[in-house]
Amino acid sequence: MLWIAVCDDEVMECCKMAEKIKVIMKEMKTPCMVRQFYSGRELLASPDSYDIIFLDIIMQELDGMRTAQLFREKAFDKILIFMSFSREYVFEAYDVEAFQYLLKPVPEKKLKRVLQKAVLKTEKRLQEYIIVSRERQKRKLFLDDICYFEIKGRLIDAHGTEGVFTYYEQIGVLENMLQGKGFFRCHKSYLINLKHVDGYNRQEAILDNGERILIAKRRYEGFCREILRYMRHNGGIG
């Protein structure tokens, strides 16, 4: 089931959008939970995790752009869709990696196309995972949520958007699991998710959450090859 949030301080606008989304998702036969929020602060205070967020830009107190910036500090991989009567903030939307910028009033055909694309992207993200064990319990680790794996002998720390999960595993087994899934062992202690690399130099990779991960001198050339290959494959460069 997908969780969708609609945030708009105009109560009627918020209710109408939420209802339209429910109807379209039902037509698409995609189970979902749609929640309404009437302020950015209310959305940020919610304990629930949302896959797709529809966010009005011009709101009282905390505007949509600032709400998005604060939201991105704790969730990098969720889909943000802006709504506004104005085109003024289109370029600012790129700074918070908005998925779409919709002009109000939003035509139903346009809303349906955007929802179809958002659902496809979300489902694709949720498909990639590995199963790990800790204390005789098994758990799925969704790879898009993992920024990097830190190797500490037989212990593995999976550093993700929701925190750190520690479990026992052999590094060779982990590397085999991640073969062809966008990870690279840039140092004896780190397996990094190339998706989350925001920049790098000869000494370290800089992640999109601000963390810096060491790159071993002998692995630097291999890292450069892999990051370029990843970018080409995922549309980063021509």
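In these legends a residue is called exposed when its relative accessible area is over 50% and buried when that area is under 20%. The model shown is predicted.

View 1. The buried residues of α1 are Cys14, Met17, Ala18, Ile21, Ile24 and Met25. Because these residues cover an arc of only 130 degrees around the axis, they are placed on the same side of α1. Met12 and Lys26, on the other side of α1, are exposed. Just after α1 comes Lys29, whose phi is positive, at about 60 degrees.

**View 2. Thr67 in helix α3.** Thr67 belongs to helix α3, which is made up of residues 64-72, and with a relative accessible area of 0% Thr67 is buried. A polar atom of the Thr67 side chain lies 2.8 Å from the backbone oxygen of Asp63. When neighbours within four places in sequence are left aside, the residues in contact with Thr67 are Gly40, Leu43, Leu44, Leu55, Met59 and Leu62.

**View 3. Leu80 in strand β4.** Leu80 is found in strand β4, residues 79-84, and its relative accessible area of 1% means that Leu80 is buried. From Leu80 to Ala68 the C-alpha atoms are 7.8 Å apart in space, while the two residues are 12 residues apart in sequence.

View 4. A pair of aromatic rings is described by the distance of the centres and by the angle of the planes. With ring centres within 6.5 Å as the cut-off, the count comes to 10 aromatic pairs. In one of these, Phe149 and Phe183 form a tilted pair, with 5.6 Å from centre to centre and 50 degrees between the planes. This pair links distant parts of the chain, since Phe149 sits in strand β8 (residues 146-152) and Phe183 in strand β11 (residues 183-187), 34 residues apart. Phe149 counts as buried at 0% relative accessibility, and Phe183 counts as buried at 11%.

**View 5. An aromatic cluster.** One aromatic cluster is formed by Phe184, Tyr200, Tyr220 and Phe223.

Terms used
Residues numbered from 1 in each chain as written. Predicted model: local features only at pLDDT ≥ 70, side-chain atom pairs only at ≥ 80, totals over all residues. Heavy atoms only, no water. Phe/Tyr/Trp six-rings, centres within 6.5 Å; stacked < 30°, edge-to-face > 60°. Helix = DSSP H or I, 4+ residues; strand = E, 2+ residues; numbered from the N terminus. Buried < 20%, exposed > 50% of the residue type's maximum accessible area, 1.4 Å probe, protein only. Arc of directions from axis to C-beta. Polar contact = N/O pair within 3.5 Å; in protein donor to acceptor, adjacent residues only side chain to side chain. Contact = heavy atoms within 4.5 Å.
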